Amino acid sequence: MRTILITGQGGTGRTTVAAATALKAAGEGTRTLVLTADRTDTLGAVLGVPTGPDPVQVAPGLTAWRPDAAARFRDDLTAFQRRATTALDLLGASRLDAEEVTPLPGAEELALLRALRDAALSEAYGLLVVDLPPAPQALALLALPEELRRYLRRLLPPERQAARALRPVLGRLAGVPMPAEWLYETAGRWDVELAAVQAVVEDRATTVRLVAEPGPAGADAVRTAATALALRGLPVDGLVANRVLPGATNDAWLGALAAQQRKALDEWQETYEVHQVPHRGHDPRGTDDLAALPVPGVNTAPTPVEWPVTDHLADDGVLVWHIPLPGAIRDELDLIRRGDELVVTVGQFHRIVPLPSALRRCSVAGAALREGELRVRFTPDPGLWPREK
């Protein structure tokens with residue numbers, strides 16, 4: 001199964017490109033699901049078929065789904081209150097009725113992640129096309145499973161579950177109830193769910209397709225998104241330059257705008273596989289309009305992002321970890337070694353990554369950013385590195 005995550009510059013027709021991509025794949029014989037988390041039915045307006053909490057067939061081989069974030073949030077809160085009955089009674093808390101619960105900010109994003117997981121586990125589709133929010137929100141969303149799992153492991157370490165048998169005794173000695181069994185059970189269940197989502201996002205068959213309008217704002221958005229995606233190890237399989245104006249025009253204003261677009265396109269083509277979608281003079285609506293858009297097809301053999309470690313011990317006495325960070329700026333880059341992890345910060349983006357096993361027995365000897373690649377040098381720790389006989 002392939003998964004294509006579509007994001008990019010805000011207000012540039014991401015949903016339209018997602019719908020057209022899904023329709024094209026379905027027309028080529030691939031069972032396809034297009035997902036969105038929009039509170040308003042933008043996807044349904046583009047497809048010409050209303051979408052909602054139940055998957056709906058749009059065309060032969062194409063299904064659309066817009067999960068109900070409010071309903072899922074109410075179900076989760078109701079289940080939490082049931083499991084936490086003892087603790088809530090101890091605190092004198094008043095229960096919330098399902099009818100008075102409204103979803104908190106971010107509920108749509110969580111609903112989308114769950115829907116993505118459920119669709120992948122169903123094995124009912126050969127392709128998932130995910131209409132993500134604009135790039136800044138999408139990048140935070142894609143980082144969420146990994147970060148939440150990290151928080152859970154730090155706050156409720158699995159190894160401490162061995163102390164469950166002692167909690168009743170400790171509770172009698174302390175005179176207050178100790179954390180209930182449901183706390184660890186809930187954390188374990190969340191970890192399993194998050195791991196399933198993380199597995200889909202990080203799968204080697206998952207790629208990201210960026211959508212932007214050619215121009216200065218689009219160039220900035222693409223550069224920032226590409227750097228952040230590389231930091232997360234997510235490959236960009238293409239850049240869709242949407243709403244491209246014709247080059248030849250008698251209108252001076254349109255001509256200047258077209259020239260600005262052409263400059264951005266020339267720069268993009270030096271780095272990305274660019275697919276131009278011309279401006280149609282109107283917003284595409286319905287499957288006929290979508291089928292007329294020249295969106296790229298699905299690459300059946302995507303190229304994953306690799307972070308290789310190269311051995312230069314014989315020549316320079318170091319191991320080098322290569323981390324691709326296209327578009328990164330040296331002044332915005334920061335590295336911190338913390339135990340067996342490396343904390344990497346690039347501008348507003350931040351990630352904590354575990355060191356490969358060989359590098360855990362080494363010390364950081366330096367780093368350099370060259371040609372869009374961060375190269376971190378490590379020297380073996382004599383006290384930990386195996387000695388040659």
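How many aromatic pairs does the count come to? Hi everyone, let's start there. This is a predicted model, and the count comes to one aromatic pair. The two rings belong to W307 and W321; their centres are 5.9 Å apart and their planes stand at 65°, so this pair is edge-to-face, as an angle over 60 degrees counts as such. Where do they sit? W307 is in the loop between helix 11 (286-291) and strand 9, while W321 is in strand 10 (residues 318-324), so the pair ties together parts that are 14 residues apart in sequence. Both W307 and W321 are buried.

Four strands make an open sheet, with antiparallel pairing, in the order 9-10-15-14. Strand 9 (309-312) and strand 14 (362-370) are the edges: each has a single partner strand, so one side of each has no neighbour in the sheet. From one strand to the next, the twist averages 25°. If you look at strand 14 and strand 15 (residues 373-380), you'll find them running antiparallel and joined by eight bridges. For example, S363 has T379 in strand 15 as its bridge partner.

Now, over to helix 5. This helix covers residues 107-122, and its 16 residues should span 22 Å at 1.5 Å a residue; the end C-alpha atoms are 22 Å apart, which agrees. Several residues of helix 5 are buried, including A107, A111, L112, R114 and A119. As a reminder, an α-helix has 3.6 residues a turn, so residues three or four places apart point the same way.

Definitions and conventions
Residues are numbered from 1 along each chain as its sequence is written. This is a predicted model: local features need pLDDT of at least 70, side-chain atom pairs count only at pLDDT 80 or more; totals for chains, interfaces and linings use all residues. Side-chain values use heavy atoms; hydrogens and water are left out. Two strands pair if DSSP finds at least two bridges between them. Helices (H or I, at least four residues) and strands (E, at least two) are DSSP runs, numbered from the N terminus. Axes are lines fitted to C-alpha atoms, for helices over the stretch in contact, and angles run from 0 to 180 degrees between N-to-C directions. Rings of Phe, Tyr and Trp (its six-membered ring) pair if their centres lie within 6.5 Å; planes under 30 degrees apart count as stacked, over 60 as edge-to-face and the rest as tilted. Buried means under 20% relative accessible area, exposed over 50%, partly exposed in between (1.4 Å probe, protein chains only). The expected span of a helix is 1.5 Å times one less than its number of residues.
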